[in-house]
Amino acid sequence: MRTPLIIILLLLASVPAWVQAADQAAGQLIDQQEIRQVLDDYLAAESDRLPRVELRFSSLTLPDAFKVPQGHIEHQVIPAKPGVIGSRRVTLLTRVDDQLVNNQSIRVELEALAEVMVATTNLRRGDTLDENNLVLQQLDISKLKQPIFTAEDVYGKQLKQSLRLGQPLALKQVDFPPMIKRGERVEIRVQRGALMLTAAGEARQDGFEGDSIRVKNIESHREILCQVLAPGLVHVEF
């Protein structure tokens with residue numbers, strides 16, 4: 001009688017191992033609801049990163065549910081374009097215990113809603129931009145290039161290209177004066193480590209912030225290449 005009892009006890013002790021093996025074979029199911037939640041959470045995080053823009057899906061083709069092994073699951077969403085705006089696809093990477101186990105390409109249509117400057121009348125090249133001809137209006141900016149989000153950026157500036165009634169204003173259409181003009185006196189800063197020297201100079205070219213322009217040193221009369229930092233200030237790095 002003892003032998004059958006021992007066999008039964010051994011069989012009962014091995015049941016958890018069978019259950020565990022069955023669970024591992026079954027894996028974990030990632031269904032469409034979970035995929036949608038991952039994508040919605042990603043879009044919400046991107047909207048927080050772009051406080052002027054509200055991102056949302058206008059269309060979304062979810063992949064079929066899939067299984068992954070047992071373990072700690074992490075998802076990563078990578079847009080086709082940096083910054084997500086304008087992306088027509090996103091890639092969903094799924095990792096279990098830091099190991100990549102699934103790679104899904106998902107087709108999406110995105111709306112990026114934001115208030116941007118829009119013409120309230122037909123404008124011609126050379127017109128001065130102000131509150132009488134521009135207004136903030138909410139639009140989908142996913143297909144716009146360099147829209148203007150604040151009036152202060154453009155009021156008082158002149159238009160480089162004609163603009164129709166209702167058309168959003170783009171940065172390239174605004175005639176921004178250079179930060180430094182040719183012939184203007186500037187301060188040249190030369191920095192190496194903690195040591196900084198200054199000299200008087202004369203700009204030989206117009207320049208916007210970040211541009212490299214030729215500047216003549218007033219004392220030595222030599223021309224050197226400098227980077228525009230601010231109005232009246234250029235910088236040389238060694």
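At 57% relative accessibility, His221 counts as exposed in this predicted model. The residue is found in the loop between E12 and E13. Most residues other than glycine have a negative phi. A positive phi also occurs at Gln146, about 55°, although this residue is not a glycine. Gln146 lies in the loop between strand E7 (134-140) and strand E8 (158-159). With a relative accessibility of 47%, Gln146 counts as partly exposed, because the exposed class begins over 50%.

Of its 238 residues, 30% are buried. Among the contacts with a separation of 6 or more, 52% are accounted for by residues 24 or more positions apart. The accessible surface of the chain comes to about 15400 Å², and carbon and sulfur atoms contribute 50% of that area.

Side chains of opposite charge can pair when their charged atoms come close. The structure holds eight salt bridges. One of these is formed by Arg56 and Glu111, with the closest N and O atoms 2.7 Å apart. This pair links distant parts of the chain, as Arg56 belongs to strand E2 (residues 54-60) and Glu111 to strand E6 (residues 99-119), 55 residues apart. Both partners fall into the intermediate accessibility class: Arg56 is partly exposed at 39% relative accessibility, and Glu111 is partly exposed at 22%.

A further group of charged residues is connected through Arg204. The side chain of Arg204 meets that of Glu202 in a salt bridge, at 3.0 Å from N to O. Glu202 has a relative accessible area of 19% and is therefore buried, since the cut-off for that class is under 20%. Arg204, at 27% relative accessibility, counts as partly exposed. The side chain of Arg204 also meets that of Glu223 in a salt bridge, at 3.1 Å from N to O. This second pair again links distant parts of the chain: Arg204 is in the loop between strand E11 (195-203) and strand E12 (212-217), whereas Glu223 is in strand E13 (residues 223-230), 19 residues apart. Glu223 is partly exposed, with a relative accessible area of 38%. Together with Arg214, the residues Glu202, Arg204 and Glu223 are linked in a network of salt bridges.

Empty space was examined as well. Rolling a probe the size of a water molecule over the atoms shows where such space is left. The largest pocket has a volume of about 160 Å³. Its lining includes Lys143, Leu144, Lys145 and Pro147, and also Gln167, Pro168, Leu169, Ala170, Lys172 and Gln173. By class, five of the lining residues are nonpolar, two are polar and three are charged. Gln146, described above for its positive phi of about 55°, lies in the loop between strands E7 and E8.

Definitions and conventions: Residues are numbered from 1 along each chain as its sequence is written. This is a predicted model: local features need pLDDT of at least 70, side-chain atom pairs count only at pLDDT 80 or more; totals for chains, interfaces and linings use all residues. Side-chain values use heavy atoms; hydrogens and water are left out. Buried means under 20% relative accessible area, exposed over 50%, partly exposed in between (1.4 Å probe, protein chains only). Contact means heavy atoms within 4.5 Å. Accessible areas come from the Shrake-Rupley method with a 1.4 Å probe; for residues, only the protein chains shown count as cover. On a 1 Å grid over the protein atoms alone, a cavity is a set of points where a 1.4 Å probe fits but cannot get out, and a pocket is an open set with protein on both sides within 12 Å along at least five of seven lines; lining residues have an atom within 4 Å of a point. Grid points are joined across faces, edges and corners, and a volume is the space filled by probe spheres set on the points. Ala, Val, Leu, Ile, Met, Phe, Trp, Tyr, Cys and Pro count as nonpolar, Asp, Glu, Lys and Arg as charged, and the others, Gly among them, as polar. A salt bridge is a side-chain nitrogen of Lys or Arg within 4 Å of a carboxyl oxygen of Asp or Glu. Helices (H or I, at least four residues) and strands (E, at least two) are DSSP runs, numbered from the N terminus.
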